[in-house]
Amino acid sequence: MYKLTETNWIWRDGEFIRWSDAQIHVLSHSVQFGSSVFEGIRCYSTARGPAIFRLQDHLQRMTDSAKIYRMELAYSVDELVAACCELVERNELDSCYLRPMVIRGYGAASMVPFASPIHVYLPCWPWGTYLGEGALENGVDACVASWNRVAPNTIPAMAKIAGNYLGGQLIKMEALAKGFAEAIALGTDGMLSEGSGQNLFLVRKGALHTPPIDGTLLPGITRETVLSLASDAGIPIREEPLPREMLYVADEVFLSGTASEITPIRSVDKITVGAGKPGPVTKELQRLFMATVRGETEDPHGWLTYVRAERADARSLGGRASANR
Ligand code: PMP
């Protein structure tokens, strides 16, 4: 579940290269100093073929992450949208996970990055349930991590950049070493923050609670999706600082993220959450989320990019452009 499955093609700086040709020098700045901005995006199988969920929003977040680190992208969000659709089509995948990356390459000797060129890679591969079989249906057991998340104004939590995941790795490895599927980390103020790669929600007395964007967590696109679905469903929402002990007295707890989707938590630190199985609010949000990403409901926000339609448009535009020449 945590291992890569190779596909044929990777997009690099405007062209498609073989998976095995996507190599970089060991002295690339991103390897030495963690300066690789990235995204994680899911493409779902729908009745209208593969559809990428919130592709523009993910690519905009990647562009924003790059901006925070003074990295200028040579490609617009629209150009990257087109490239992602071509990538999925070329790899002949019906559903997959996309991992766009913007890396600082080879050239700079020190952490001062400007002598290194910036490269954009778009890989994708098939990926099943991130937190293991049955995780979505039954929930998983979690613990509170002994490692804190970064403090505000240290390393920007809003930027999705490789270096940030050193903390995430420690949090996740601690969970696995202790026999849990996932860990929930606190900020340095002791308040709840997020999982190693997911945002945190809990339900108490019918209201949905989640920590605010406080400089310790990534503003997740699934988080925003959950808040939007909950608001449409009339579920009261409280974005507010939450103490650790709220986990133990919550009726329901779940994690949200692109890889993890909506994963219920059935215990924290071996204390049973609610009835020890996914609760009604979690299940309803899961149902709404899955129906949305699979294109089974209306898409008022335009969250799905249908790969075939996008490619057909690109071809007809290309055809018209060349006919005009
Ligand atoms: N927090 C962290 C640290 C993450 O890595 C992720 C996954 N990208 C999330 C939260 C959830 O974000 P999203 O819903 O955009 O995948």
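The model is predicted, so local features need pLDDT of at least 70 and side-chain atom pairs count only at pLDDT 80 or more, while totals for chains, interfaces and linings use all residues. Residues are numbered from 1 along each chain as its sequence is written, and side-chain values use heavy atoms, with hydrogens and water left out.

A pair of aromatic rings is described by the distance of the centres and the angle of the planes. Here, rings of Phe, Tyr and Trp (its six-membered ring) pair if their centres lie within 6.5 Å; planes under 30 degrees apart count as stacked, over 60 as edge-to-face and the rest as tilted. By this rule there are 10 aromatic pairs.

One of them joins Y2 and Y130: the centres are 5.3 Å apart and the planes stand at 80 degrees, so the pair is edge-to-face. Y2 lies in the segment before β1 (9-12) and Y130 in the loop between β9 (124-125) and α4 (135-138), 128 residues apart. Helices (H or I, at least four residues) and strands (E, at least two) are DSSP runs, numbered from the N terminus.

Y97 and W127 also form an edge-to-face pair, 4.6 Å centre to centre with 80 degrees between the planes. Y97 belongs to strand β6 (residues 96-98), and W127 to the loop between β9 and α4.

Ring pairs link Y2, Y97, W125, W127 and Y130 into a cluster.

Buried means under 20% relative accessible area, exposed over 50%, partly exposed in between (1.4 Å probe, protein chains only). Y97, at 5%, therefore counts as buried, whereas Y2, at 39%, is partly exposed.
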